[in-house]
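Student: Could you walk me through this model? I would like to start with the fold and then turn to the chain contact.

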Amino acid sequence: MTMLADLIIPEALCPAIDAGSASAAIEFLSARLMALGKVRPSFAAAVIAREATMPTGLPLGDLNVAIPHTDPEHVLAPGVAVGTLRTPVQFCSMDDPDERLPVRIVFLLALTDKKLQLNLLQHVAEMIQQPQRLEQLIAATDAAAMHAALK
Amino acid sequence: MKKKLILVVCGTGVATSTLVAAKVEEEMQARGIPVSTQQCKAAEVRSLAPNADLIVATTPVPNDLGKPVIKGLAFLTGIGRDAVLDQIEKALRG
């Protein structure tokens, strides 16, 4: 079974990103994935477009998380980029697009098939349900520390 | 008890609905309630609702479908998960 740890791309772990919007945060992480050859140039715009109609913000209380993604056609190799945001960025809530959530952690999912998607989502869900792990992730000041928090 | 059909809805009918469907099936089986699930996207829910006993959704769906609609985001966030499972059980037994 594919674990989150297997799909984390160490070079795509980005602490304390300065982004003024959800789109900017998505673009930043997408650019990293593209530079690593994991996604097509069309990926960023597709994720942003999808986020506009089917938002991925998850309300957890203190530290909210977003899990933006798009269709497999824009992905070359599966993987997950994770970014923490220096200041909260507004995403809309998945089950209520009128609810705006200040998000500090973004899991950008680049997936190529449905089965992989299920496993990955299960692991992301498990992780986000543990506030201490999210705190640890936010506190990480470099990629190595982020990686340790994600194990 | 007759097997119930739960329609699980998310934006694309693929990602979060897959996770939620799996969790709901597992949990309802543990509670002794036979269920099957069908996944769909928001655009399809109106046409599929007549065949379902219950709708669980991680995306907004209309509230005039004639079937109970329960929010399923708790399966991702963990917040209020047990309460949602109780709600689902109640809707299926009722």
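Tutor: We will take the sheet, the helices and then the contact between the chains. This is a predicted model, in which local features need pLDDT of at least 70 and side-chain atom pairs count only at pLDDT 80 or more, while totals for chains, interfaces and linings use all residues. Residues are numbered from 1 along each chain as its sequence is written, and chains are lettered from A and ligands numbered from 1 in the order in which they are written.

Student: What does the secondary structure of chain B come to?

Tutor: Chain B has four helices and four strands, where helices (H or I, at least four residues) and strands (E, at least two) are DSSP runs numbered from the N terminus. Along the sequence the pattern reads β-α-β-α-β-β-α-α.

Student: And what is the strand order in the sheet?

Tutor: The order is β2-β1-β3-β4 in chain B, an open sheet with parallel pairing, and two strands pair if DSSP finds at least two bridges between them. The edge strands, each pairing on one side only, are β2 (35-41) and β4 (69-71) of chain B.

Student: How many bridges join β3 to β4 there?

Tutor: Strand β3 (residues 54-57) of chain B is joined to β4(B) by three bridges, and B:Ala57 stands opposite B:Lys71 in β4(B).

Student: Switching to chain A, how do α2 and α3 cross?

Tutor: The axes of α2 (residues 22-35) and α3 (residues 43-53) of chain A come within 9 Å and cross at roughly 150°; axes are lines fitted to C-alpha atoms, for helices over the stretch in contact, and angles run from 0 to 180 degrees between N-to-C directions. That makes α2(A) roughly antiparallel to α3(A), since angles over 145 degrees count as roughly antiparallel, under 35 as roughly parallel, 65 to 115 as roughly perpendicular and the rest as oblique.

Student: Back to the two chains, how many residues does the contact take from each?

Tutor: It takes 17 residues from chain B and 18 residues from chain A, with two residues in contact if their C-beta atoms, placed from the backbone, lie within 7 Å. On the side of chain B that touches chain A, the largest share, five residues, comes from α1(B).

Student: What about the overall size of chain B?

Tutor: Along its principal axes, the C-alpha trace of chain B spans about 30 × 30 × 20 Å.
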